[in-house]
Amino acid sequence: MNIYIVDDDAAIVAVMTALLEAAGHTVASNPNGADAIPEIVAAGPDCLLADVMLEDMDGLDLCQALREDHGMTGMRIIAVSGREDDESRRRAKEAGADGYLAKPVDVATFA
């Protein structure tokens, strides 16, 4: 599976990448949501892991832009956030996310 990660925390990206690659996935990443959009559209990954709280662009705005402006309807999008409340999960779903993953990731079950 081809997976794309958008997260501005280099340590989180390193952990996710290592776990996913160890499970046999191909991983690409970008810390900047706006810069990632053309890369994601061009690559057409199977899954996107998008941090909700990015510095340049809200991860939910990224999700919505990919779904609505770029027609990325077949790609699975997982919102990743340090918040675990129902409101955050609801907002992610409304933005077009298929799932929600709370940080820090559980190394034993992540990949």
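**Close-up views of a predicted model**

View 1. Setting aside residues up to four places away in sequence, Ala-92 touches Leu-60, Ala-79, Ala-97 and Tyr-100. The model shown in this and the following views is predicted. Ala-92 is part of helix H4. With a relative accessibility of 2%, Ala-92 falls under the 20% cut-off and therefore counts as buried. Gln-64 is 28 residues from Ala-92 in sequence, and the C-alpha atoms of the two are 9.3 Å apart in space.

**View 2. Lys-93, the exposed residue of this pair of views.** Lys-93 is also placed in helix H4, which covers residues 86-94. Buried or exposed: how does Lys-93 count? Its relative accessibility is 66%, over the 50% cut-off, so Lys-93 counts as exposed. The C-alpha atoms of Lys-93 and Leu-60 are separated by 9.1 Å, and the two residues are 33 apart along the chain. Leu-60 is also among the residues that Ala-92 touches.

**View 3. The largest nonpolar core.** This core has 23 residues, and the members touching the most others are Val-6, Ile-40, Leu-48, Leu-62, Leu-66, Met-75 and Ala-79. At least two core residues come from each of strand E1 (2-6), helix H2 (33-43), strand E3 (47-51), helix H3 (59-69) and strand E4 (76-81). Helix H3 gives the largest share, five residues. A second, separate core holds 14 residues, including Ile-12, Leu-20, Val-27 and Val-80. In soluble globular proteins, nonpolar side chains tend to be buried together.

**View 4. Contacts of Leu-48.** Which residues does Leu-48 contact, leaving aside neighbours within four places in sequence? The partners are Tyr-4, Val-6, Ile-40, Leu-66, Met-75, Arg-76, Ile-77 and Ile-78. Of these, Val-6, Ile-40, Leu-66 and Met-75 are listed with Leu-48 among the members of the largest nonpolar core that touch the most others.

**View 5. Gly-44 in the loop between H2 and E3.** Gly-44 lies in the loop that joins these two elements. Its relative accessibility of 39% lies between the 20% and 50% cut-offs, so Gly-44 counts as partly exposed.

View 6. The bond from Lys-103 to Pro-104 is cis, and its omega is near -5°. Pro-104 belongs to the segment after strand E5, which spans residues 99-102.

**View 7. The whole chain, for orientation.** The protein contains four helices and five strands, and from the N terminus on they run β-α-β-α-β-α-β-α-β. The C-alpha trace spans about 35 × 35 × 25 Å along its principal axes. The radius of gyration is 13 Å, which agrees with the value near 13 Å for a compact globule of 111 residues. Of the 111 residues, 45% count as buried. Among contacts with a separation of 6 or more, 61% join residues 24 or more positions apart.

Key
Residues are numbered from 1 along each chain as its sequence is written. This is a predicted model: local features need pLDDT of at least 70, side-chain atom pairs count only at pLDDT 80 or more; totals for chains, interfaces and linings use all residues. Side-chain values use heavy atoms; hydrogens and water are left out. A nonpolar core is a set of buried Ala, Val, Leu, Ile, Met, Phe, Trp, Tyr and Cys residues joined through side-chain atoms within 4.5 Å. Buried means under 20% relative accessible area, exposed over 50%, partly exposed in between (1.4 Å probe, protein chains only). Contact means heavy atoms within 4.5 Å. The radius of gyration is taken over C-alpha atoms; the globule rule is 2.2 Å times the number of residues to the power 0.38.
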